[in-house]
Amino acid sequence: MPRVTQRSIKFKMYFQRKGSKEALFREISFRLNGEPVRVRVRSDQRLIDLLRDTLGLRGTKEGCGRGDCGSCTVILNGLAVTSCLVLAATVEGAEILTVESLFRNGRLDPLQEAFLEKGAVQCGYCTPGLLMSAKALLLENPHPSLEEIKIAVSGNLCRCTGYKKIFEAIQLAAER
Amino acid sequence: MFEFYQPSSLSELLHLLEEGIPDTCLLAGGTDLLVEYRSGARNISRLIRLAHLSELQDLKCEDGRIKLGAALTYRTVERSSLLREKVPFLVQAAQSIGSPQVRNLGTIGGNLVTASPAADLAPPLLVLEAQLTLKKKSSSREIPLSSFFMGPKRTLLDPQEVVTEISFALPPENCYQIFYKLGQRNAMAISIASLAALGQAQRGFLTGIKIAVGSVAPTPLRLFHTEGLLQGERLTQALLKEANRRAQEEISPISDIRGSVEYRREIVGVLLERALSEIAGEVL
């Protein structure tokens, strides 16, 4: 893959320019879905790559890779963020929740149940991001208004259908 | 790949900047920088994070001035009761930026240092006559925001400097505060044109009028000549037309994916007339 080649060339050039190795990699510790994680990351690795490639949590999807679509949304210290815009090295000490955290002890989260019940899913690619934006909202505000729901998911694009069933599902989950 | 540093204090950050390594970048929210880096548009050899520094998180009102740390996120601005009360139009501008996810990461300092002509916080901060505090290891200076922008993505900032604070005097209590942004949709839209205005009408006469626009010139722009025309006048249909003509001379929009030159000119006129009518209460 061309991008990999380009990176390794950059990498070699870097060492020829006598870069300091400590600053190129970093050992970080954080909590992921409640569990402590300790992992070595590259300085330019994004959180989405750390989650999917290094840690094997593929529930989080990459869409645009530039913060426009919201499909890679995770919860970082209680706040919804697009994990394509976060450097892995900056999450030292953080608490991160991914869509995998919603399924606990063999049970779906009320949000997931509501998405199923309301048919708020078509192709499903945007769903993990939408679930995490909705989760961040409900963690902060368990009884949001429709307007607050609309704002909370305004950074998540769904290209299959409208957002009506998605709003309804989040309302339903909040009612429960 | 680049060296990554997460300094534990502002002085450590200034020390790292002082070393003068070419292609050193500061990382605040990263919502623009990381996209640029990955697209190949920007080389980074050393990246220094500042978003976590407590010295850059001030949010206070002191001696009639509001002081904002440069690393405050849009989210913090949106939710601050002080700012909601004193400068609601700045809060409105912060709410209009990107998505909730971006507002949870992006910082007010980053919005200005990126120097996008479409920076949404710039028009309100320009009419508030905001001052920026720029620090480097050996010195510190204050400059007005109006002289900070040099062009698209270019500012007065030295490579070894960092913006630490944005401050402005509280606007008069009974002053109208207006922020309009026109985008292609309500959420996640980059401005086609934006306008911020401050001012009031006393017995029908406009006073303290300040106007700034975004996305219609190489930098966010204060419309000094248009303001000069309006100060102390009664708002009439003829004056509105004249103000629009004057504003057209001050702006220099380009055509891009979001809008054409002609459309942007038209829209600035509409936003300006709307703002002035609101401030004046009536048009004679």
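Two residues are in contact if their C-beta atoms, placed from the backbone, lie within 7 Å. The model is predicted.

**Helix α3 of chain A**
- Helix α3 of chain A spans residues 47-54, and its buried residues are A:Leu47, A:Ile48, A:Leu50 and A:Leu51.
- The cover over the buried residues of α3(A) includes β2 (35-42) of chain A.
- An α-helix has 3.6 residues a turn, so residues three or four places apart point the same way.
- After α3(A) comes A:Gly56, with a positive phi near 70°.

**Overall form of chain B**
- Chain B contains eleven helices and 14 strands.
- The radius of gyration of chain B is 19 Å, close to the 19 Å given by the globule rule for 284 residues, so chain B is as compact as a globular protein of that length.
- Along the principal axes, the C-alpha atoms of chain B fill a box of roughly 60 × 45 × 30 Å.
- Of the 284 residues in chain B, 48% are buried.
- Among contacts in chain B with a separation of 6 or more, 63% are between residues 24 or more positions apart.

**Strand β10 of chain B**
- Strand β10 (residues 162-169) of chain B has six of its eight residues buried, so β10(B) is largely enclosed by the rest of the structure.
- Strand β5 (residues 65-69) of chain B pairs with β10(B) in the antiparallel sense over five bridges; B:Gly69 has B:Glu165 in β10(B) as its bridge partner.
- Strand β6 (residues 131-135) of chain B also runs antiparallel to β10(B), joined by five bridges, and B:Lys135 stands opposite B:Val162 of β10(B).

Key
Residues are numbered from 1 along each chain as its sequence is written. Chains are lettered from A and ligands numbered from 1 in the order in which they are written. This is a predicted model: local features need pLDDT of at least 70, side-chain atom pairs count only at pLDDT 80 or more; totals for chains, interfaces and linings use all residues. Helices (H or I, at least four residues) and strands (E, at least two) are DSSP runs, numbered from the N terminus. The radius of gyration is taken over C-alpha atoms; the globule rule is 2.2 Å times the number of residues to the power 0.38. A residue is buried if 20 or more other C-beta atoms lie within 10 Å of its own, exposed if 12 or fewer, and partly exposed in between; C-beta atoms are placed from the backbone. Two strands pair if DSSP finds at least two bridges between them.
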